[in-house]
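Here is a short briefing to read alongside the model. Please keep the sequence and the 3D view open as you go.

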Amino acid sequence: MGYPALVKGKVRLACTGERVTGLINQTVQAGIHLEDIQWVHEQKLHLTVPLTHFFSFVSIARRNKVRLKIVKKEGVPFFMRKLKRRKAFLLGVALFILLTLSLSSFVWRVQIEGNEQIPERYVQALLKKEGVFVGQLKGKLPEAEVIQHDLLMHLPKASWVGFRVEGTRVIVTIVEKKEPETKKEENRDPGPVNLVAKKNAMVYDLRVERGNPLVEVNQVVKKGQILVSGIYGDPENPDHGKIVGAKGKVIGEVWYESNVSVPLVQKRKVYTGERVKKLSPYLFSMIIPNPFAEKVPFKKVETIRKIHSCYLGKWRLPFGLVEDEILEMKWVKKDLTPEDAVMLGKMRAREELQQRLGRNGRILEEKILHQRVENGKVNLKVHFDAIENIASIQPILQGE
């Protein structure tokens, strides 16, 4: 029999009686196929009957006064009968398979790696705006290139952002920009050094704590020129001088140019102060509409969304509440005069330069080199005189 018999089912029987031999002969004459006949003794044997012929075989056994005892039941029909008796178990298996298939389609962990200066919560907030959060369907995740571009636009301290999906986990890798060389130099001990100019400038002030100054105030210096020598004596011949190492700052006057474009029509967002709050349940990434929520009476809105998840111990469950705070807003246009646009452009250029200079730099003077109105914009080229520390360290090499 084999596979078809297992599908249809078969029964292993113990047959006992004086007319066992007659039972076998009559069964074969009736066209019932018997399998695996084993004699125990003259009046007892074991055999297997297909389930489809079971009742016919029982009828023949009764006519021959042969006692039957079921030893074993095999096949799909008996298995299905057991499952019907265990409906809760069957339901549990079905739910387990369904949950396994469905849960593997969702994001269950958002992992951020490589960040040291950039706060993880800030990155998570940006990802949530992009549609990357725990409980999101993997099929609804934006393209990796889109997420990388948007994160780089909002993370000025990042030089590269990677995005990949591994199973139910999203991994965001951030490569932060390296610290400026001046900061690195302050954090290590390079040994005896000279102070050299890191850019072209005019010396504005000398603040030397140790070393031999080789330049004077108001002197123009070039990039790479030694400003303060760490050697007392002949700087060109370290073997004939005393090496002490230079320390201090050389403040230089540096010149910058900045190009700025300012639209004459400014558009900004204004909140009216009116707001509505809505609470809706969510399951996985699907928000279930709340029929009892207040209708939003505003035409233009901005929504601030907060997710309140449910937890089982440390495990975050895939359901909870979504709180939406809907703010009424409107766009307001403001026309600028060319004079106002110039003032705004100068302010923006000054702020950008001040960020480049850092806390130790200062802008002395600014001057507009070029100004023109074109395509509804005022385009400016602004010249700045600024002061900053122009000294960088250069190790003193001996024995060369």
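Into which classes do the residues of the lining of the largest cavity divide? They divide into 7 nonpolar, 2 polar and 1 charged, where Ala, Val, Leu, Ile, Met, Phe, Trp, Tyr, Cys and Pro count as nonpolar, Asp, Glu, Lys and Arg as charged, and the others, Gly among them, as polar.

This is a predicted model, in which local features need pLDDT of at least 70, side-chain atom pairs count only at pLDDT 80 or more, and totals for chains, interfaces and linings use all residues. Residues are numbered from 1 along each chain as its sequence is written, and side-chain values use heavy atoms, with hydrogens and water left out.

**The cavity**

- The structure holds 1 cavity of 30 Å³ or more (a set of points on a 1 Å grid over the protein atoms alone where a 1.4 Å probe fits but cannot get out).
- The volume of the largest cavity is about 30 Å³, taken as the space filled by probe spheres set on the points.
- Its lining (residues with an atom within 4 Å of a point) includes Trp108, Tyr282 and Arg316.
- Strand 19 (residues 315-335) gives the largest share of that lining, 4 residues; strands are DSSP runs of E, at least two residues, and helices of H or I, at least four.

**The helix pair**

- The axes (lines fitted to C-alpha atoms over the stretch in contact) of helix 2 (residues 20-29) and helix 3 (residues 54-63) come within 10 Å and cross at roughly 140 degrees.
- Contact (heavy atoms within 4.5 Å) is made by Leu23, Gln26 and Thr27 of helix 2 with Phe57, Ile60, Ala61 and Arg63 of helix 3.
- By class, this contact has 4 nonpolar, 2 polar and 1 charged residues.

Definitions and conventions:
Axes are lines fitted to C-alpha atoms, for helices over the stretch in contact, and angles run from 0 to 180 degrees between N-to-C directions. On a 1 Å grid over the protein atoms alone, a cavity is a set of points where a 1.4 Å probe fits but cannot get out, and a pocket is an open set with protein on both sides within 12 Å along at least five of seven lines; lining residues have an atom within 4 Å of a point.
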